[in-house]
Amino acid sequence: MEIRRFFVSPSDIDGNTVTVRGDEFVHMVKVLRVKKGFKVIVCADDGTERDCTVREITGDCAVLDVDALRKVDRRKVRLTLYCGLLKNQKTDIVIQKAVELGVVRIVPFVSANTIEKKFNVERGRRIALEAAKQCGTAYVSEVCEPVTFDKMTAGFGEYSDVLFAYEKERENPVRSVAFHGNDVALVVGSEGGFTEEEHEAAKNAGAVSVTLGRRILRAETADIVACALTLDALGELDYDE
Ligand code: SAH
């Protein structure tokens, strides 16, 4: 049987003892019916997998013994995806795919042409956690509350590079960007795209305008493709030596 993986916060690890609480405890014990003596894998968002055996199950937590540690994943590249909010819960799909690809943080935003204004951040976080478990990463990507376009551009200075996927850009494919570092932001618009003013404002705030090719992609396709192209350009999809 496949060994299941669970995520805990670093504070739930004490030497060779791990405590699983909250939603992960419910999933472990009530849904997957894990019992005393079962083997599981625990990740604490630190790139390490811990092989564990369940020592004890109480009413609200499971206590596990750590049998072995493995450094499994490295994160040299920190990619933040700013995705324009999408209609019909399509942002959920973008979160799932972005996590699978290795995006560290997802920040929805609302711009002039964004139609959808609501976003359920708790649901987004659950989707990110499920996707992390499914794709075998040892990290959980962060999902943030939506920001305005202005708040987003005001934060561009935090990054080594900001790529702005602009549907009218013809010149600059992702593969030709000269990156300055490994803390990169990527901005992809919602269904309505960007206004010329937003494009100018993003460039003035330090973003580089990039094209995703000669066809206009649907916003959700653009999000996923832009993440894949950027992570590949940064070497994040490569195996270690
Ligand atoms: N409604 C707009 C298209 C918006 S596509 C129009 O008809 O022109 C949604 C978002 O996906 C865009 O804002 C952009 O960020 C991204 N996108 C889609 N195709 C792209 C392309 N070929 N190059 C760069 N960005 C693209």
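A polar contact is a pair of N or O atoms within 3.5 Å; within protein, one must be able to donate a hydrogen and the other to accept it, and residues adjacent in sequence count only if both atoms are side-chain atoms. Keep that in mind as we walk through this predicted model, where local features need pLDDT of at least 70, side-chain atom pairs count only at pLDDT 80 or more, and totals for chains, interfaces and linings use all residues. Residues are numbered from 1 along each chain as its sequence is written, and side-chain values use heavy atoms, with hydrogens and water left out.

Let's start at the ligand. A nitrogen atom of the ligand sits 2.8 Å from a polar backbone atom of Leu212. The protein covers 83% of the 560 Å² of accessible area that the ligand has on its own (areas come from the Shrake-Rupley method with a 1.4 Å probe). Oxygen atoms of the ligand take part too: one is 2.6 Å from a backbone N or O atom of Ala165, and a backbone N or O atom of Gly189 is 2.9 Å from a ligand oxygen. There are 19 residues around the ligand, and Ala165, Glu167, Gly189, Leu212 and Arg215 come nearest (a residue is near a molecule if one of its heavy atoms lies within 4 Å of it). The shell divides into ten nonpolar, six polar and three charged residues; here Ala, Val, Leu, Ile, Met, Phe, Trp, Tyr, Cys and Pro count as nonpolar, Asp, Glu, Lys and Arg as charged, and the others, Gly among them, as polar.

Now look at Arg5, in strand E1 (residues 5-7). Helices (H or I, at least four residues) and strands (E, at least two) are DSSP runs, numbered from the N terminus. Arg5 counts as buried because its relative accessibility is 14%, and buried means under 20% relative accessible area (1.4 Å probe, protein chains only). The side chain of Arg5 makes a polar contact of 2.6 Å with the side chain of Glu49. A polar atom of the Arg5 side chain also lies 3.3 Å from the backbone oxygen of Thr137.

Our last stop is helix H3, which runs over residues 121-135. Among its buried residues are Ile127, Leu129 and Ala132. The buried residues of H3 pack against E1, helix H1 (22-31), helix H2 (90-101) and strand E9 (142-143). At the start of H3, a side-chain oxygen of Asn120 reaches to within 3.2 Å of the backbone nitrogen of Glu122. Just after H3, Gly136 takes a positive phi of about 80°.

Key. Buried means under 20% relative accessible area, exposed over 50%, partly exposed in between (1.4 Å probe, protein chains only). The expected span of a helix is 1.5 Å times one less than its number of residues. Contact means heavy atoms within 4.5 Å.
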